Structure formats: structure tokens, C-alpha cells
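Me: Please take a close look at the side-chain contacts in this model. Start with the aromatic rings, then go through the charged pairs.

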Amino acid sequence: MRVTGLPPYDPNNVFAKILRGEIPSKKVHEDEHALAFHDINPQTPVHVLVIPKGAYCSHADFSAHASDAEIAGFWRAVGKVARELGLEAGGYRILSNMGEDGGQEVPHFHVHIFAGRRIGRMVPREAG
Ligand code: 5GP
């Protein structure tokens, strides 16, 4: 088993740039704690990313270091985005990749919301 500490937050990651307005995004929601925007490479008809406004690398970092208000505000925003996009009737999946084995590519904590078709198995049988 690997024993590694969490990496420091990289303020030049692409989602930090989106938060600062340095890179455009197709925004669907913004409030005090969260920003939601369409994924640039959608895997399902609806594929939205929700990110906290604070500088957290991953869910590990966010769950350990964010305040209760940030955590509550973020997760309420995830639910609100799905509700306001009309996804509850058909259903949706939320997913967050963490670290290498989780397949995380962008080192700013984010939740994917997938919807718009039957998504299939919860986890692929083999690593992609
Ligand atoms: P991860 O693998 O880290 O969980 O997912 C990162 C996601 O960010 C991918 O689905 C990828 O398509 C998306 N992404 C990467 N760069 C950009 C970007 O510049 N804009 C947007 N909207 N999404 C991005």
C-alpha cells in the first residue's frame, strides 16, 4: 500500500483558472460556496461539474479541511444544480474521482453530475 501525503494545492490548475475567470466556462450555477459548469468533454447528454470555491485538491482535502458551512453549502449546491436542471425525474449519478487510482485529472475537488441516459454499471469491470 502506498503511503503518501496529500499534495499541496496547485493554484494554476484549470478549475482554479475557471474560478478566477481566466478560462471561460458554460456556467449553470454559482453561489457563495460553489460553481457549477458543463464539462468540456461530456460523457453523457448532461455532464456538469460542481466545484467548491475554496482551494481544496480533492475530496480527501475538502472533507478534512473545509468548514462545516463550506461542506454544507457545497453539497446543497450539488443537489440544487441537479434539481434546477430537471434531472430528478429521470435520475442522475454523482461521482468524484480522488487521486491516482480514482482517476482524478484536475487537482481541485469536483463532483461530476451525469444524466440524460441510462448510465449502466456503477463501476467498469476493468480499469480504463
Ligand atoms: P476528473 O478526471 O479529474 O474527475 O475530471 C476532470 C474533468 O474536467 C473531465 O471530465 C474533463 O473533461 C473536465 N475538464 C478538463 N478541463 C476542462 C476545462 O477547461 N473546462 C471544462 N468545462 N471542463 C474541463
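Reply: Phe-74 is buried, with a relative accessible area of 0%; buried means under 20%, exposed over 50% and partly exposed in between, with a 1.4 Å probe and protein chains only. This is a predicted model, in which local features need pLDDT of at least 70 and side-chain atom pairs count only at pLDDT 80 or more, while totals for chains, interfaces and linings use all residues. Residues are numbered from 1 along each chain as its sequence is written, and side-chain values use heavy atoms, with hydrogens and water left out.

A search of the whole structure gives six aromatic pairs. One of them joins Phe-74 to Trp-75, edge-to-face, with 5.2 Å from centre to centre and 80 degrees between the planes. Rings of Phe, Tyr and Trp (its six-membered ring) pair if their centres lie within 6.5 Å; planes under 30 degrees apart count as stacked, over 60 as edge-to-face and the rest as tilted. Whereas Phe-74 is buried, Trp-75 is partly exposed at 34% relative accessible area. Both residues belong to one aromatic cluster, formed by Tyr-56, Phe-62, Phe-74, Trp-75 and Phe-109.

Now the charged pairs. Side chains of opposite charge can pair when their charged atoms come close. The structure holds four salt bridges, a salt bridge being a side-chain nitrogen of Lys or Arg within 4 Å of a carboxyl oxygen of Asp or Glu.

Lys-53 bridges to Glu-30, with the closest N and O atoms 2.7 Å apart. Lys-53 lies in the loop between strand E3 (46–52) and helix H2 (59–65), and Glu-30 in strand E1 (residues 27–30), so this pair ties together parts that are 23 residues apart in sequence. Helices (H or I, at least four residues) and strands (E, at least two) are DSSP runs, numbered from the N terminus. Lys-53 is partly exposed at 34% relative accessible area, and Glu-30 is partly exposed at 41%.

Another salt bridge links Glu-22 and Arg-20, whose closest N and O atoms are 2.7 Å apart. Glu-22 is partly exposed, at 49%, and Arg-20 is partly exposed, at 43%.

Arg-83 and Glu-88 also form a salt bridge, with 4.0 Å between the closest N and O atoms. Arg-83 is partly exposed at 49%, as is Glu-88 at 46%. Salt bridges with shared partners, for their part, join Lys-27, Glu-30 and Lys-53 into one network.
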